[in-house]
Amino acid sequence: MTDFQIKDKFYLDGEPFQFLSGAIHYFRIPRADWHHSLYNLKALGFNTVETYVPWNVHEPEPGHFDFSGNLDVKAFIKEAEELGLYVILRPSPYICAEWEYGGLPGWIINEDLHPRSSDPAFLELVDKFFARLFKEVGDLQFTHGGPILMMQIENEYGSYGEDKDYLKGVYDSMKAHGADVPLCTSDGAWLATLRAGTLTDIDEDILITGNFGSKAKENFGNLKDFHDKIGKEWPLMVMEFWCGWFNRWGEPIVTRETDELVEALREAVQLGSVNLYMFQGGTNFGFMNGCSARGTHDLHQITSYDYGAPLDEQGNPTEKYYAIQKMIKEEFPDIDQAEPLVKESTAQENVQLEAKVNLVDSLDQVADRVDSLYTRSMDELGQHYGYILYQTDFVKDVDEEERLRVIDGRDRAHVFLNDQHLATQYQEEIGEDITTGPLEESNKLDVLVENMGRVNYGHKLLADTQEKGIRQGVTSDLHFLTNWRQYLIDFDRVDQIDYSLEKDFKEGLPSFYKFNVTFDDLEDTYIDLSDFGKGIVLVNGHNLGRFWDLGPTLSLYLPKAFLKEGVNEVTIFETEGKYAPNLSFKANHVYKKMKED
């Protein structure tokens, strides 16, 4: 049995051990590509892979767990083991990771609790999740002959709170369900976060690691000072060495120069253990992108999680990969390295539009209807992600234009009167007056609301800031409208859409667009959405995520794992009324030219 200990250094089978680790999130990469990504990590000369475990996708509804297919964390860990990699597992209830709600399940919005705290109601839910999770990963710990060397209790908690009873509660739960490898925390490498986010007053030593992306001597010095302060002689480790950064809608791609990164990383590996964040970013498939909290409004992150990583979104080596590999060989001459695997891409132009139909004509096929006197939030209705359509009728009270307002809505609302677009409001505009123009005697009002992703970091994790949909109501003149029909849109049912209703198609409305594309030789590709406005794309039922002509990306990555030989069905749900009669598939991402700040 492998022996792993944390003393003045890391020791593996009695010999000093240095983590050369890279972050790969199994939940952001199709299962068919796990081997490719993990092999390339090993080929770099690294010895360990690190991954979070996102609670929200593994328990999408209370008590309903999913560890199958692309979410089979056990299979991912075993694949790493077969390639000779060790594993750092970070199953903390909160992961940040620019992931929807930091990995907290959307359904906890409905619960009467305080997240990331010692609130017994929250800790009880965490315990139930760990009880199920450790059935998958418990036997994969090195203490049971597996590759998992270390696990994390909480993630950058010192940037959120200082509730030590909460940290102790998470620790107790992990131990109760079988965690018997060394445990750790990770925080920003300065005194305030280290003091607040660490667990030091229990019998077991919980290793304290830091997160940073440069100035390793200074940051490791801060970490060493804190170790000394609490009387510990521990190895130095950066749990997240940021080799790039994430991106947000409407902002230029964040870049980092290769030479600068390599020299900053060289300094880090000379001083301690390193986990590259990210080694491969992957993709925020579906509705799982996160959001940055900024003052009175939030900035939502894009679908691509490329992160400027050594492996690109597709999993292929970049310039950074080869430069890091060269540096690692210089620092560790005896290290084993290999040529990385490289995947091919394919392209196809001018795939013709097969059919189109408005959302309002498809509601019976793709949505469940819930009626209520007043609007109810998406979360109250159990629609924690995606879109919901609110619909009601009202009579004309005045001959001239009327004033409408959406009161307390999140995140983005399209307002239509009698199937004519009135306004689109995003975050800070929601609540402003919307003038109708001339009314009919009886009028149909539609409000399509999109949850664009909950915040994943900072002070806005409390439920009252993250509830989505129309939270109070819609007013006409000064009074709230009543008798609402609420349509919970289920994109798993797009194959049921009746495109014979295309004869009734109206321009300018949220709609579905169907394309059939034939591939004989399957390779990865990128769907060019430059001629479309905003929405999502599904290919053979796989939700590739959001697109938006706001940029910086104008395409979506389509892995070959989601394709099949022959005809593939592509469904585009678009909300702005902007579309094209043909669709192109490219060999690389398409980017919008954007002005730098």
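This is a predicted model: local features need pLDDT of at least 70, side-chain atom pairs count only at pLDDT 80 or more; totals for chains, interfaces and linings use all residues.

Reply: Strand β17 (residues 403-410) and β20 pair in the antiparallel sense over 2 bridges. Strands here are DSSP runs of E with at least two residues, helices are runs of H or I with at least four, and both are numbered from the N terminus; strands count as paired when DSSP finds at least two bridges between them.

Residues are numbered from 1 along each chain as its sequence is written, and side-chain values use heavy atoms, with hydrogens and water left out.

The pair belongs to an open sheet of 4 strands, ordered β20-β17-β22-β23, with antiparallel pairing. Its edges are formed by β20 (434-435) and β23 (479-480), each of which pairs on one side only.

Antiparallel pairing is also found between strand β18 (residues 412-417) and strand β19 (residues 420-426), over 6 bridges. Here Val-415 stands opposite Ala-423 in β19. β18 and β19 make a hairpin with 2 residues between them, and Asn-418 in the turn has a positive phi of about 50°.

An open sheet of 3 strands runs in the order β1-β2-β3, again with antiparallel pairing. The edge strands are β1 (4-6) and β3 (15-17), each pairing on one side only. On average, neighbouring strands of this sheet are turned by 35° against each other, direction ignored. Between β1 and strand β2 (residues 10-12), antiparallel pairing extends over 3 bridges; Gln-5 has Tyr-11 in β2 as its bridge partner.

By the same rule the count comes to 43 salt bridges.

Turning to the helices, helix α8 (residues 258-271) and helix α9 (residues 319-331) pack at an angle of about 35°, with their axes 10 Å apart. The axes are lines fitted to C-alpha atoms over the stretch in contact, with angles from 0 to 180 degrees between N-to-C directions. From α8, Thr-258, Leu-261, Val-262, Leu-265, Arg-266, Val-269 and Gln-270 take part in the contact (heavy atoms within 4.5 Å), meeting Glu-319, Lys-320, Ala-323, Ile-324, Met-327, Glu-330 and Glu-331 of α9. These residues divide into 7 nonpolar, 2 polar and 5 charged; Ala, Val, Leu, Ile, Met, Phe, Trp, Tyr, Cys and Pro count as nonpolar, Asp, Glu, Lys and Arg as charged, and the others, Gly among them, as polar.

Helix α1 (residues 34-44) and helix α3 (residues 73-82) have axes that come within 10 Å and cross at roughly 40°. On the α1 side, Trp-34, His-35 and Leu-38 meet Ala-75, Phe-76, Glu-79 and Ala-80 of α3. The contact of α1 with α3 has 5 nonpolar, 1 polar and 1 charged residues.

Terms used. A salt bridge is a side-chain nitrogen of Lys or Arg within 4 Å of a carboxyl oxygen of Asp or Glu.
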